[in-house]
Amino acid sequence: MKIMTCPINGARPVSEFFCWGEIRPMPDPDTCSDDEWAAYVFNRNGAPGVKKEWWCHTASNTWFIAERDTEKDVVLNTYLFEGEIR
Amino acid sequence: MRLPPVHGEWIDRSKIITFTFEGKTYTGHPGDSITSALWAADIRVLGRSFKYHRPRGVLTMANHDVNALMQSTERLNVRADVTPLVDGMALTAVNTFGGLQSDKASILGAFSRFMPVGFYYKAFYTKQLFPMWERMFRTLTGLGKVDFSSPRVRTPKNYGFCDVLVIGAGPSGLAAALAAAAQGAEVLIVDENARVGGSAGYIGCTDSERAELHAAQLSEVQAHPRIRIMTSTYAAGYYADHWIPLVASDVMTKMRAQSIVVATGAYEQPSVFRNNDLPGIMMASGAQRLMHRYAVKPMQKVVVLTANADGYRAALDLAAFGVEVAAVVDLRAQTKIDPSESESQVNAKGMRILKGHCIAEAIAGKQGKSVAAVVVARLSASGEAEVAGQETIACDGLVMSVGWAPTANLLYQAGTRMRYEKSVEQFVPDVLPAGVFACGRVNGVHTLTARHADGRRAGSMAAAHAGFGVAELIEVAAESECPTHPWPIISHSSGKNFVDFDEDLQLIDFHNAVQEGFDNIELLKRFSTVGMGPSQGKHSNMIALRILARLTNKEPQQVGTTTARPFFHPVPMSLLGGRGFTPERRTPLHAKHDAHGACWMPAGVWQRPEYYRVEGQSRLECIHGEVAAVRTSIGIIDVGTLGKLEVIGPQAAEFLDRVYISKYANLKVGMTRYAVMCDESGVIIDDGVVGRLAEDHFYFTTTTSGAATIYRELSRLNTMWGLDCGIVNHTGAFAAVNLAGPRSREVLGTLTDTDLSSGAFPYLALREAKVAGIPARLMRVGFVGEWGYEIHVPANQGVALWEALMAAGQQFGIRPFGVEAQRLLRLEKGHIIISQDTDGLTSPLEVNLDWALKMDKPFFVGQRSLKIIASKERKQQLVGFELAADFSGTAPLECHLVIHKGEISGRVTSIAYSPNVGRNIGMAFVTPELAKQGTQIAIRITNGSEVKATVVRTPFYDPENLKQKETT
Amino acid sequence: MISSQPLSPIHGLLEAMHPLWSSETSEAKRVIRIDQRDEERAAILGLADLSHQNRAGAKGRGTAEWLSKLGVTIPSQANSWCPLPSGGLVARLGNTEFLVENDATLVEKIMQTQRAPGVYPVLHQDAAFGLCGARVNELLLQTCNIDFRMLDAQPSKVVLTSIAGVGITILSKTNGKYPSYRIWCDGTYGIYLWETLAEIATELGGGCIGVDAVQ
């Protein structure tokens, strides 16, 4: 099974994690159009490639960012969120 | 026939094992496989083939075929060639009618003209006739009978860890292990055989130099402190990041390696010629396993068919064990200038060698059940058997050594790109994934000394990859001869020249398939079923590929291979099931509920009392009794499964305001408020109660099933928002009960000094106080619609609290009540249960929670979506309904549909008979036009009839909510 | 009968074994020994309940400083632990959460002290077990997907992972000839985890033991 590296707890089997999904910037809910808002809420990017995702190491409740190439199934980088998406 | 003791044999002659096969008794020794014992007893027919029920014997002796598939009393799918013989085994062949010797279904062979490849898809279409065909197939097919009374066996699974995993303990694998261990790595070697050594243990062992080399390597490996060995264990597949299931007879180990060396060797390939499946015709390596491992003479008089040095080696080995070598038939017209050492030795011994010849067909003996002679012919330039000058040679066995296909299954699964290497006429690894290394025959290296070098190279690289030492640069000599013949396939007008022995596929079947248009490897596989039998193409896929290449004028590289999927050999379900870990959560009061006769029900991972059994009462009577206790006096329910979270800090209120739909910044210290959480699409995902302990400190509850998910998601949101507050999950840390009923205040009053008067402790208030000396958080809540208190205490004092309350409530007949009673009580009050009365699309507006929705907050999750939803036409509304007071008949159930003018206009979400209201009450979604009070609605029940109900306002019971709160 | 002492999450399971309980009321009630074969089992694979020990915890960015001010010498690295002079321990779970155990004075002090900014008190009601004996690693290999060679190499390390499907905290207390580990999990999983580990321990030739036999 795949290995995912938690920035705090190190390399662990992927069964210790929960993948929330791709980080998607939220449009301004006060000013965007209904269509823009619906696209944000319901649409997801299905194309393979490098994605930045929210992951949680459930045993320690550590949330972090993983950069993953979903086409090659390679985890490129994992790091703690620090105020901005790198 | 059993040979005299062979050096290095696996059998223990000092003990005798007795077993039966097809009703007859035989003997063998510990260390024998079932087949080796039978072959030693001169039994030649071990099974019947799948389709034509032809007699079959030893073919590969390596679990690359299932000619000898048997059933014992306890087990199905016994592969006799590789299953250890055990005293008392009672075995039968599968797939026979009337026994192995006189299988009546062998008549099918005569009808083979009418059963060409793919005939199943064409012959049984008639709808009327299909039931008959189905019955026939069910009788005729199947490889064994399931015994439904077999005991269920659970075996533990283990995890395992190593630095370098070497798969295969042949010469290259052992060399790899030694090289890796020398660089400091912890090495694990696995091999499916009972002993290590691989082919070095049976090819050329009569050569004393080779035998010494082999023994030296073995002892070095066994002595090394950093090398572990697991025999009788196979690597069942390759999974991400070097995760390999290692399967032994009674345990599966999930091994994580830092790097792996695939030294799995190669599958010896058959030659295709008429009647090549007669018992007595086998791979050369099969014959050598019989001789060297089990001291069994494979035949008396042999013809050796070869196209490489290994065949000549086999001829020498056979002769050394007393087998008469009638001829060595070499498919190659001429070898290169220098014959191999083995060929020279064969020459020197004066054995007859026929170069540029092939086997045109094999001839069966009188009973038709084993080979009695072979017809040798000159091989034409186009690969056909020349008719002129054919010679029949009498023999009772033929060994084939015409080529190898790499055992590359795990390499494919790891994502290796393979290429067809013409110099060795096999696929070899071209681009390997990081951390995966290959050596030996699977890597196209066949000469023994080269395999040692190749193993050292791969082992060194694997150790370096795992962080031990530096990869040594090792040159591996190229093969001086090609070990594999690219076309050992001889056509015959009468057919029965088999390619896939599992599936009874002949050469003509491939011609027919391609002719029908199934001319690429994926289609060919599925139409012909080549490689889809129990050995999954180990002895047949490469030949099929060669045939397809020739028929479509392509190179093997262009044809490609199909996907080799796990598992490498079949894995018993009991090993996969393992122990089966199913975590369960229990509240601290579990034993108390047991003592009160709780009937348990699962609630997610928790166990909760559904109701409490009272002797002589039905389930419904018990539930109604509990409900009555709460309404008239006092009841107590364990609500310890609720999620319990705390948010602390200067921005705690701001945080709650962002995640819930209501306002909490304005919640007074010491008060609680109902809380509804939505997701970004405005759908309700959870509800609970928020209490304010201090300006910067909130204690809030979630649903039982939502707790872990909500805590996790709230943690993510705050990671993202970075508000100055922290979230703590105390779900398991607190025991909690709900004490409810008209007597609740009185009973609680005896256990606490806190002022419980309405003024001091109003409805919805939150207080910290001692109850029975235990520090507690108390909340006045209204879920069941009676005066009541939710009491939270540290978990390790939950039992003490329960006992104190039960004792104090004794005089009022306090009763514990369960989940079912609570569901009825809340229904009487018209309170929703999330995911019972809401679904994956329900917004707060549809369930009359408009009052809780504070759209004027600057931001909360789901706000924008709710704005959009509010502006659209409402599709459904949750309403209360009741059946007539005198209703008798089958009441509707949850999910029964509301039908209006022939259309689906809603569904029931909750329904139950209420003793307090005196009728069936419930809640349902209905279209807005039906939502007005007094509307008659029709609910269709299971048998299609309709039940009439009336939409009414809720609460059904105590509509003014007088019982749960202050009246002034 | 009203029990006045706090109970272990697995109290019922312990009672059913009719063990020898501690008698002093000044300390938390615990199982001293199961029977006379405790030491025999402990040498092979002993499972002991240590839930009764006092503990306090807190988390948040201000916790390290807050605890230091209270006189606690905290581990400097994330996911590590160090012993307390009293015989207890302080564990740093991840980066900003701390658990103090088995030091009555210190635990009391922590629970009574007002929290500071960035300090969020955590109430600990864990099921806490001790696992010791020659065959402990075989049990861990059946239940946990962590390479414990790592813990043997770094004895001060704390690992947050899962065993038999339950989230746990584990650290190594090996200082004798047999491996010895401490495990904590949410108390509501205590019965399940104890029964699961006890079954495996018994199969491997060990079983449940009292606190006196813990290595």
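Among contacts in chain A between residues at least 6 apart in sequence, what percentage join residues at least 24 apart? The share is 42%. Keep in mind as you look around that this is a predicted model.

**Stop 1: chain A.** Select chain A and switch to a cartoon view. You will find 1 helix and 6 strands, and reading along the sequence gives β-β-β-α-β-β-β. The C-alpha trace spans about 40 × 25 × 20 Å along its principal axes.

**Stop 2: the surface of chain A.** Now show the surface. Chain A exposes about 4,600 Å², with 50% of that supplied by carbon and sulfur atoms. Of its 86 residues, 41% count as buried. Next, colour by charge: chain A has 9 positive and 14 negative charges, and their mean positions lie 9 Å apart.

**Stop 3: the largest nonpolar core.** Move to chain B and select F19(B), F21(B), I34(B), L38(B), M70(B), L318(B) and V399(B). These residues touch the most other members of the largest nonpolar core, which holds 50 residues. Several elements of chain B give two or more residues to this core, among them β1 (17–21), α1 (34–40) and α7 (309–320). In soluble globular proteins, nonpolar side chains tend to be buried together.

**Stop 4: around L38(B).** Centre on L38(B) and display its neighbours. Leaving aside residues up to four places away in sequence, L38(B) touches F19(B), F21(B), Y26(B), I43(B), L46(B) and M70(B).

**Stop 5: a second core.** Finally, select V117(B), A405(B), I489(B) and I521(B). They belong to a second, separate core of 46 residues.

Methods: Residues are numbered from 1 along each chain as its sequence is written. Chains are lettered from A and ligands numbered from 1 in the order in which they are written. This is a predicted model: local features need pLDDT of at least 70, side-chain atom pairs count only at pLDDT 80 or more; totals for chains, interfaces and linings use all residues. Side-chain values use heavy atoms; hydrogens and water are left out. A nonpolar core is a set of buried Ala, Val, Leu, Ile, Met, Phe, Trp, Tyr and Cys residues joined through side-chain atoms within 4.5 Å. Buried means under 20% relative accessible area, exposed over 50%, partly exposed in between (1.4 Å probe, protein chains only). Helices (H or I, at least four residues) and strands (E, at least two) are DSSP runs, numbered from the N terminus. Contact means heavy atoms within 4.5 Å. Accessible areas come from the Shrake-Rupley method with a 1.4 Å probe; for residues, only the protein chains shown count as cover. Lys and Arg count as positive and Asp and Glu as negative; His and the chain ends are not counted. The place of a charge is taken as NZ of Lys, CZ of Arg, CG of Asp or CD of Glu.
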